[in-house]
Amino acid sequence: RGVQTLCPRVGSASFSCGKTDWLTYGTRTLSVHGRDATCTWFHPTKRHTSIVRYPWVTRQALEQDEVAFALSDRAASARKAPIHARVVFGAHAVERELAPQRGWQRVALPNETASGPLTIEVSTRDSGMAHLCYRLR
């Protein structure tokens, strides 16, 4: 799939994947459907796939067996291109196009896996205003 670049850690819980603030991934608070939401900032970029890997996730540790994605309200109003999300849990993958809309869009984890590595991948045709975050729930 091309060349992978690891993003260096910045502070205790963020990773810098570029020279601009929007390419620093980590916990942020965004306005999602009119409410402040704390989530992991994860901004996709054009011509690249952004990837987050969790070495081991147990389904028992999750409340709802899902990854919930949201654009900030401002970004949802301005977005033109959808964001492609791919969630791989163990050896099973689920893919979904995230529409440019307000609110949470949920991707259920594959039922075939009880525990294992979890990978979240996002990409888009248009980097502008792709203010995306996720919650692992």
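Rings of Phe, Tyr and Trp (its six-membered ring) pair if their centres lie within 6.5 Å, with planes under 30 degrees apart called stacked, over 60 edge-to-face and the rest tilted. By that rule, ring pairs join Phe 42, Phe 69 and Tyr 134 into a cluster. This is a predicted model, where local features need pLDDT of at least 70, side-chain atom pairs count only at pLDDT 80 or more, and totals for chains, interfaces and linings use all residues. Residues are numbered from 1 along each chain as its sequence is written, and side-chain values use heavy atoms, with hydrogens and water left out.

**View 1**
Searching the whole structure turns up two aromatic pairs. One is Phe 42 with Tyr 134, an edge-to-face pair at 5.6 Å centre to centre and 70 degrees between the planes. Phe 42 comes from the loop between β4 and β5 (50-58) and Tyr 134 from strand β11, so this pair ties together parts that are 92 residues apart in sequence. (Strands here are DSSP runs of E, at least two residues, numbered from the N terminus.) Phe 42 is buried, with a relative accessible area of 0%, and Tyr 134 is buried too, at 2%. Buried means under 20% relative accessible area, exposed means over 50%, and partly exposed is in between (1.4 Å probe, protein chains only). Tyr 134 also pairs with Phe 69: the ring centres are 6.4 Å apart and the planes sit at 50 degrees, so that pair is tilted. It links distant parts of the chain, with Phe 69 in strand β6 (residues 66-71) and Tyr 134 in strand β11, 65 residues apart. Phe 69 counts as buried at 1% relative accessibility.

**View 1. The sheet, strand by strand.**
Seven strands make an open sheet in the order β1-β2-β3-β4-β11-β6-β9, with antiparallel pairing. At the edges stand β1 (9-10) and β9 (104-108), each with a single partner strand, so one side of each is left without a neighbour in the sheet. Two strands count as paired if DSSP finds at least two bridges between them. Strand β4 (residues 35-41) and strand β11 (residues 132-136) pair in the antiparallel sense over two bridges.

**View 2. The β3-β4 hairpin.**
β3 and β4 pair in the antiparallel sense over seven bridges. Leu 30 has Ala 37 in β4 as its bridge partner. The two strands form a hairpin with two residues between them, and His 33 in the turn has a positive phi of about 55 degrees.

One disulfide comes up in a search of the whole structure, a disulfide being a pair of cysteine sulfur atoms within 2.5 Å. The disulfide joins Cys 39 to Cys 133, with S to S at 2.1 Å. At -85 degrees about the S-S bond, the link of Cys 39 and Cys 133 is left-handed. Cys 39 lies in strand β4 and Cys 133 in strand β11, so the pair ties together parts that are 94 residues apart in sequence. Both ends are tucked away by the accessibility cut-off: Cys 39 is buried at 5%, and Cys 133 is buried at 0%.

Gly 26 lies in strand β3 (residues 24-32) and counts as buried at 5% relative accessibility. Leaving out residues up to four places away in sequence, Gly 26 touches Ala 13, Ser 14, Cys 39, Thr 40 and Trp 41; contact means heavy atoms within 4.5 Å. The C-alpha atoms of Gly 26 and Arg 9, 17 residues apart along the chain, are separated by 9.8 Å.

**View 3. Arg 59 in its loop.**
Arg 59 lies in the loop between β5 and β6 and, at 16% relative accessibility, counts as buried. Its side chain makes a polar contact with the side chain of Asp 65 (3.1 Å). A polar contact is a pair of N or O atoms within 3.5 Å; within protein, one must be able to donate a hydrogen and the other to accept it, and residues adjacent in sequence count only if both atoms are side-chain atoms. Residues touching Arg 59, not counting those up to four places away in sequence, include Asp 65, Phe 89, Leu 109 and Pro 110.

Technical notes: Helix = DSSP H or I, 4+ residues; strand = E, 2+ residues; numbered from the N terminus.
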